[in-house]
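Please look at the chain on the screen while I go through selected elements.

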Amino acid sequence: MRGDGGGEELLGIGAFAARARLSAKALRLYDRLGLLAPAHVDEVSGYRYYRAGQVDRARRVALLRQLDMPLARVAEVLDAADGDEAAGLLAAYWADVETRIAGQRTLAAYLRARLSGRNSEMHAAFEVETVEVPAQVVVTERRHTLADELPAWIGASLERLEEAARACGGVTGAPFVVYHAEVSTESDGPAETCVPVADEAAARDWVAAQGRVRDLAVRVEPARRLARTRISKAQVAHPQILAAFEAVEAWIARERLVHDGPCREVYFADWGAAGPGDPVCDVAFPVR
């Protein structure tokens, strides 16, 4: 079949599927998803026709889907302005995949250690101590969030709160994150970011001026005794950080101490300037 005016050859779905090395079922799916529309659909029969020039796009869709690329990102790659942009989008996607796989690989190793009963070996890598933290006024932001959303939210939230604290007499201590309930891929907390601030009245005025855009508050954090272990930037990643939390909990049990509040992460270093092996965070539990 020829296109209107004797243009490019049109192929029926069977012939096009054979040339593209795809099934007719896959082509119907790509059409339904908006990734590869037929060049012409017969109004009477509903039969689909494709241009021979669409073969390359069809094969690209199939190859990208073999990478488990989400449909929206497949469309971005296919519709990129030029080859360099398309290649860049693919590279960015694959970097995300490798990061996820690396995390899953670490999680699998962590779970193997737990299932084989080698917890004590993991815990031995962490040194635990107690420290006394004085009472402090903190400006806070609370949110229900899943584990994959957590790092981005923590960074953005602490940046907002630190900017507010600088306008309210300054930041007077290390920012920290409190977990009021479990945060995982299935449990959404909530978590609470906290920044110690000098001027309580100014901080309350700032929170009032923000309205209800976010769950913001000012409170007095009481003096606490913390059982903590110090970890590197690389160890902050999930699931490495789980081993740190477990090591502190095991130490608390051995020392016959009692939990006295929700667990937390205290960020005392410049995250952006720190290298993977640099200490940046204390994993801590209030105890008595």
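Predicted model: local features only at pLDDT ≥ 70, side-chain atom pairs only at ≥ 80, totals over all residues.

Residues are numbered from 1 along each chain as its sequence is written, and side-chain values use heavy atoms, with hydrogens and water left out.

Let us begin with strand β7, residues 191–196. Strands (E, at least two residues) and helices (H or I, at least four) are DSSP runs, numbered from the N terminus. Six of the six residues in β7 are buried, meaning under 20% relative accessible area, with exposed over 50% and partly exposed in between (1.4 Å probe, protein chains only). In a regular strand, side chains alternate between the two faces of the sheet. In β7, Ala191, Thr193 and Val195 are buried on one side, and Glu192, Cys194 and Pro196 on the other.

Which strands pair with β7 in the antiparallel sense? Strand β5, residues 136–143, does so over six bridges, and strand β6, residues 176–179, over four; pairing requires at least two DSSP bridges between two strands. Val138 has Pro196 as its bridge partner, while Phe176 stands opposite Cys194.

I turn now to helix α9, residues 240–254. Its buried residues include Phe245, Glu246 and Trp251. After α9 comes Arg256, with a positive phi near 60°.

Finally, Leu29 lies in helix α2, residues 24–32. Leu29 counts as partly exposed because its relative accessibility is 33%.

Note on methods:
Expected span 1.5 Å × (residues − 1).
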